[in-house]
Amino acid sequence: MTVVMIQRLKREQREEQILLSLKRCDYLSRSQIQHMHKLGSDRNARKVLANMSDYVSSFRDKEKVYYLNAGGRERVECNKVRKKSVQVGHYLMRNQLYIHLGQPNDWKNEVKLGFEGIGFIIADSFYQKDNVFYAVEIDHTQKMLKNRSKIDKYKAIIKHANFPIKIIWLTTTDYRKKQLEKLCDGVDAQVLLIDDIN
């Protein structure tokens, strides 16, 4: 195998891994992809992603945000269609937390939790580590009243669960962090600020 063939194979493997990350995360910023896939400098990351235009589309938020286009969805067998979205801040915060937590293998987005007779809730993400289940909630622009309702449902679910559940919240301001901590009184919860994990 020649050096050129080896380089092409490595490039294709790297592209495949980036596309699989986009399949899992829906949207990723250039810096998130750069960090997750060890792309080195900003310039190199931009070059790698520019060469993937057959598979990814992008738009500018605070920085370029990438998602799978039709070619990328076909290559990694993804049925979920994503487009430019005003909700992208929510996804990017969730993905930043996913990166911060070490990219758990069993991380799942939009997971339905609950019990008949108690009610159900859709966790933004859910994963397990060391026999503890973690429910992840992203507080990007959500009304605190809705957060309160979610926390009340979590309290009911946790009371009836026969396994430990910890809630991890990610929010945007100190004020919101204090409100969430107060609402979470009595449950195993951690509230993080986005600025602390960037």
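Trainee: How are helices H6 and H7 oriented relative to each other, roughly parallel or roughly antiparallel?

Mentor: In this predicted model local features need pLDDT of at least 70, side-chain atom pairs count only at pLDDT 80 or more, and totals for chains, interfaces and linings use all residues. Residues are numbered from 1 along each chain as its sequence is written, and side-chain values use heavy atoms, without hydrogens and water. Helix H6 (residues 144-160) packs against helix H7 (residues 174-183) at an angle of about 30°, with the axes 10 Å apart. Because angles under 35 degrees count as roughly parallel and those over 145 as roughly antiparallel, H6 and H7 are roughly parallel.

Trainee: Which residues in H7 are met by Met 144, Asn 147, Arg 148, Ile 151 and Lys 155 in H6?

Mentor: Contact means heavy atoms within 4.5 Å. By this criterion, the named residues of H6 meet Arg 176, Gln 179, Leu 180 and Leu 183.

Trainee: Is Phe 126 buried or exposed?

Mentor: Buried means under 20% relative accessible area, exposed over 50%, and partly exposed in between (1.4 Å probe, protein chains only). Phe 126 has 13% relative accessibility and therefore counts as buried.

How values were computed:
Axes fitted to C-alpha atoms, helices over the stretch in contact; angles between N-to-C directions. Helix = DSSP H or I, 4+ residues; strand = E, 2+ residues; numbered from the N terminus. Parallel < 35°, antiparallel > 145°, perpendicular 65-115°, else oblique.
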